[in-house]
Amino acid sequence: MTLSADLDLSQLPFWGLPQAERMEVFRKLRALDHPVFVREQAVPFVGGGDGYYALVRHADVTEASRNAAVFSSEPCSNSIPDMPRWLSVYFGSMINMDDPRHARLRRIVSRAFTPRILSKMEEDLAAAAAQIVDEAIEAGPGDFVAQVAARLPVRVICDMMGIPPKFHDLVLRRTNVILGNADPEYTGINPDFSRVNVARGLAKLLRAGFSLNRMAARLGDERRRRPTGDLVSLLVNGDERLTPQELGSFFILLVVAGSETTRNAIAYGLKLFTDHPQQRAYLLEDFDDRIVRACDEIVRYTTPVIQFRRTVTRDHEMNGAAYKKGDKVLLFYNSANRDESVFTDPDVFDISRDPNPHVGFGGPGPHYCLGAHLARREMTVMFRELFTRLPDIKAVGEPDFLLSNFINGVKHLRYSF
């Protein structure tokens, strides 16, 4: 079955529609007998393919996630068209790999996410959140994303990597360009995808990737000569270590993946607790006991990462649908997280939801998010700080959303306290 014109996920304007309209489209897609085939939009200088199957049901997304031997992350998972070499050198990373290459890199970088490392970060997380709120209070209400939500995750990642504070704003600006690669505010690319327009946007994207890659490479060189015990020192020394190219790609992945889920969940969280005061009151009745479920419900309800791609390695049948070797499929986490067959009242924001088998951190399997626990901790310390010190904080008006078919992002959100 091919997608009809009024349900065209491949066109960027679809992703500029109000979120309620988009979710209604996905509800209709989940009700169909088989996954639809979506014709792919070609991008100048990048290319494109015939299209992809949209996996929108929870069962399909989770089964494909587990079966990496058939649903491969190679040649790329974070781009619908195959990523050309001049882009993959910066944005390739281990999320675009299968085992054994993926297993090797994940084993090395998992050193950053051990319980011992994360427990040592608790005081630093609390101190960072307190300072951010201090500065927000001093500055007065403005843009919640810029003043609060975007700052904590970037600071945490930079501190983990040993990047000095003077570079944190630069990293944030580069991250905005990478995450907002299809949004005119950050790259100047417009939905018409004209060659001149796309060329300018891709040039900004490459500059951002090169800048972060070079920053990581220089840091890696320093830590090889003089290890300090920080994350980069762990990654570039020892029996198993990252090459300079792997370090650069990992840093871009870490700073992008490590910021997008948390920053958007914090921003969306303020909006949701403003719109649902009864949920906020329920949370504050027993914050420590209820905050973890609240974080997971925010991630389920908003799903900051919309989709990842997989490529079928051999002819395969799954849940009654047949796929051919070479087919592309997109795992739509946003739709799986609203699947009526799995979640009771899926369009209701309910922080007491239990169980909550959401796929907001990726589906089960080898590519489940390494930083999921860290993201929950960042959200916890920030909401505790905000609701303790600014008890009347609330979002004002509607968010300004990112134009993207990959990230369900909040660019700007007015707030008051």
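Which helix does Val133 lie in? The legends below answer this and then visit other parts of the model. The model is predicted, so local features need pLDDT of at least 70 and side-chain atom pairs count only at pLDDT 80 or more, while totals for chains, interfaces and linings use all residues. Residues are numbered from 1 along each chain as its sequence is written, and side-chain values use heavy atoms, with hydrogens and water left out.

**View 1. Val133 lies in helix 6.**
Helices (H or I, at least four residues) and strands (E, at least two) are DSSP runs, numbered from the N terminus. Val133 is buried, with a relative accessible area of 1%; here buried means under 20% relative accessible area, exposed over 50%, and partly exposed in between (1.4 Å probe, protein chains only). Leaving aside residues up to four places away in sequence, Val133 touches Met382, Glu385, Leu386, Arg389 and Leu390. Contact means heavy atoms within 4.5 Å. Arg223 is another matter: Val133 and Arg223 are 90 residues apart in sequence and 32 Å apart in space, C-alpha to C-alpha.

**View 2. Helix 6 has a buried side and exposed residues on the other side.**
Helix 6 covers residues 122–139, and its 18 residues should span 26 Å at 1.5 Å a residue, which agrees with the 26 Å between its end C-alpha atoms. The expected span is 1.5 Å times one less than the number of residues. Leu125, Ala128, Ala129, Ile132, Val133 and Ala136 are buried. They cover an arc of only 130° around the axis, so they sit on the same side of helix 6; the arc is that of the directions from the helix axis to the C-beta atoms. An α-helix has 3.6 residues a turn, so residues three or four places apart point the same way. On the other side of helix 6, look for Glu123, Asp124 and Glu138, which are exposed. The buried residues pack against helix 7 (144–149), helix 8 (151–161), helix 17 (372–389) and strand 9 (410–416). After helix 6 comes Gly140, with a positive phi near 90°.

**View 3. Helix 1 also has buried residues.**
Helix 1 (residues 19–30) has twelve residues and reaches 16 Å from its first C-alpha to its last, close to the 16 Å expected at 1.5 Å a residue. Which of its residues are buried? They are Arg22, Met23, Val25, Phe26, Leu29 and Arg30. Their arc around the axis is only 150°, which puts them on the same side of helix 1. What covers them includes strand 7 (328–332) and helix 16 (333–336).

**View 4. Helix 13 packs with helix 14.**
Two packed helices are described by the angle between their axes and the distance between the axes. For helix 13 (residues 244–275) and helix 14 (residues 277–285), the angle is about 105° and the axes are 5 Å apart. Axes are lines fitted to C-alpha atoms, for helices over the stretch in contact, and angles run from 0 to 180 degrees between N-to-C directions. Helix 13 and helix 14 are therefore roughly perpendicular (under 35 degrees counts as roughly parallel, over 145 as roughly antiparallel, 65 to 115 as roughly perpendicular and the rest as oblique). Phe273, Thr274 and Asp275 of helix 13 meet Pro277, Gln279, Arg280 and Leu283 of helix 14.

**View 5. Helix 13 also packs with helix 15.**
Here the angle is about 95° and the axes are 10 Å apart, which makes helix 13 roughly perpendicular to helix 15. The contact brings together Ala265, Tyr268, Gly269, Leu272 and Phe273 of helix 13 and Ala294, Ile298, Val299, Tyr301 and Thr302 of helix 15.

**View 6. Some loops hold cis peptide bonds or positive phi values.**
The bond from Asp99 to Pro100 is cis, with omega near 10°, and Pro100 is in the loop between helix 3 (85–91) and helix 4 (101–109). The bond from Asp354 to Pro355 is cis too, with omega near 5°; Pro355 is in the loop between helix 16 and helix 17. Thr303 has a positive phi of about 45° although it is not a glycine, and is found in the loop between helix 15 (287–302) and strand 4 (307–312). Is Thr303 buried or exposed? Thr303 is buried, with a relative accessible area of 1%. Asp345 has a positive phi near 50°, and Asp345 is exposed, with a relative accessible area of 52%.
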